[in-house]
Amino acid sequence: MKTQLLKVLPLLIILATLLASCSGSNKSESVNIKDGWLTLFNGRDMDNWRIKIAKHELDENYANTFSVEDGLLKVRYDGYEDFDQQYGHIFYDEPFSYYLYRVEYRFVGEQAPGGEGWALRNSGVMLHGQDPETMLKDQDFPISIEGQLLGGDGENPRTTSNLCTPGTNVVMGDELFTPHCVNSSSKTYHGDQWVTADFLVLGDSIIHHIIEGDTVLTYLQPQMGGGNVSNHNPEVKKDGQLISEGYISLQSESHPIDFKSVKIFDLSPYKDDSQTLKKVLNQLKAADNQ
């Protein structure tokens with residue numbers, strides 16, 4: 001898809017075509033969205049989260065990479081002598097399919113020694129990821145769809161909430177999109193300011209990246225395929241298979257980052273009722289604008 005087509009659009013305009021084509025009941029029910037948000041990070045501990053760092057076994061929190069302090073989920077590298085491509089991910093222990101996922105993040109401090117240049121102020125939210133139980137010890141990234149989080153260098157433009165595809169492909173502009181990464185249309189966020197990133201994921205149909213309320217990237221039909229994932233079990237990667245659900249993880253990629261809020265609104269009860277789904281999304285958008 002050409003860059004000019006990835007311009008900022010209101011969430012409801014982007015959804016109009018999709019929802020008009022959804023099959024399902026015309027019945028619209030009353031929904032209380034206040035009861036719909038599920039807090040995944042409680043600000044106290046990492047209960048219900050699992051850690052997988054490359055070159056280490058599942059649930060080994062090497063060098064205390066992930067920790068909770070001052071109500072924040074922190075990613076730090078104080079115990080690393082050399083980053084040595086030890087990419088890490090912390091997974092919530094339940095898969096999701098239809099949802100709105102929200103994180104508040106900020107980049108802080110200096111990059112770990114040995115981190116690649118491209119990983120400066122670089123992290124990510126991995127969507128529709130493989131079960132961490134199926135990852136091999138030396139695997140670098142989960143097979144997943146990555147909402148790439150980037151911070152500016154204080155001078156040059158650098159978009160955030162881009163798309164990267166470790167072991168996956170998507171459809172853009174009615175064509176299979178096979179490059180590893182594509183930039184969003186977001187502005188640049190320099191410094192250590194907090195940024196709110198939303199990801200609206202509707203099974204294997206459509207995914208929207210939303211930054212501070214503006215939709216900055218949209219694509220269709222997430223599926224396994226391509227490269228950019230190493231040391232994985234080839235039996236898990238079934239190229240061409242659509243991905244309708246999976247695990248969500250947050251990344252450690254050599255630059256310190258804090259996550260303040262991590263929550264999800266499960267939309268799966270409305271996936272077969274387009275009118276109620278539209279109503280819920282309208283209410284969520286209105287609540288954000290208050």
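Colleague: Before we start, what counts as a contact here?

Modeller: Contact means heavy atoms within 4.5 Å. Keep in mind that this is a predicted model.

Colleague: Fine. Which residues is N169 in contact with, leaving aside its neighbours within four places in sequence?

Modeller: On that basis N169 touches I145, L176, F177, T178, Q221, P222, Q223, G225 and G226.

Colleague: Where does N169 lie, and is it buried or exposed?

Modeller: N169 lies in strand β10. Its relative accessible area is 7%, so N169 is buried. The cut-off for buried is under 20%.

Colleague: I145 was on that contact list. What about its strand, β8: which residues cover each face?

Modeller: I145, G147 and L149 are on one side of β8, and E146, Q148 and L150 are on the other. All of them are buried, so both faces are covered.

Colleague: Why call β8 largely enclosed?

Modeller: Because six of its six residues are buried, β8 is largely enclosed by the rest of the structure.

Colleague: And which strands pair with β8?

Modeller: β7, residues 122-129, pairs with β8 in the antiparallel sense over six bridges. There, S123 stands opposite L149. β9 also pairs with β8 in the antiparallel sense, over three bridges. In that pairing E146 stands opposite C164.

Colleague: Zoom out. What is the strand order in the open sheet?

Modeller: Seven strands, in the order β2-β5-β16-β7-β8-β9-β12, with antiparallel pairing. The edge strands are β2 (49-53) and β12 (181-182), and each pairs on one side only.

Colleague: How many bridges join β2 to β5?

Modeller: Five, and the two strands run antiparallel. β5 covers residues 88-92. One partner pair is I53 with G88 of β5.

Colleague: Now loops. Where is D153?

Modeller: D153 is in the loop between β8 (145-150) and β9 (162-164). It counts as partly exposed because its relative accessibility is 47%.

Colleague: Which backbone nitrogens does the D153 side chain reach?

Modeller: Those of E155 and N156. A polar atom of the D153 side chain lies 2.8 Å from the backbone nitrogen of E155. For the backbone nitrogen of N156 the distance is 2.7 Å.

Colleague: How far apart are D153 and G191?

Modeller: They are 38 residues apart in sequence. In space they are 7.7 Å apart, C-alpha to C-alpha.

Colleague: Which residues other than glycine have a positive phi?

Modeller: D174 and E212 are among them. D174 has phi of about 65 degrees. For E212 phi is near 50 degrees.

Colleague: Where are D174 and E212 found?

Modeller: D174 is in the loop between β10 (168-172) and β11 (175-177). E212 is in the loop between β14 (206-211) and β15 (214-224).

Colleague: Are those two exposed or partly exposed?

Modeller: D174 is exposed, with a relative accessible area of 76%. E212 is partly exposed, at 42%.

Methods
Residues numbered from 1 in each chain as written. Predicted model: local features only at pLDDT ≥ 70, side-chain atom pairs only at ≥ 80, totals over all residues. Heavy atoms only, no water. Helix = DSSP H or I, 4+ residues; strand = E, 2+ residues; numbered from the N terminus. Buried < 20%, exposed > 50% of the residue type's maximum accessible area, 1.4 Å probe, protein only. Polar contact = N/O pair within 3.5 Å; in protein donor to acceptor, adjacent residues only side chain to side chain. Pairing = 2+ DSSP bridges.
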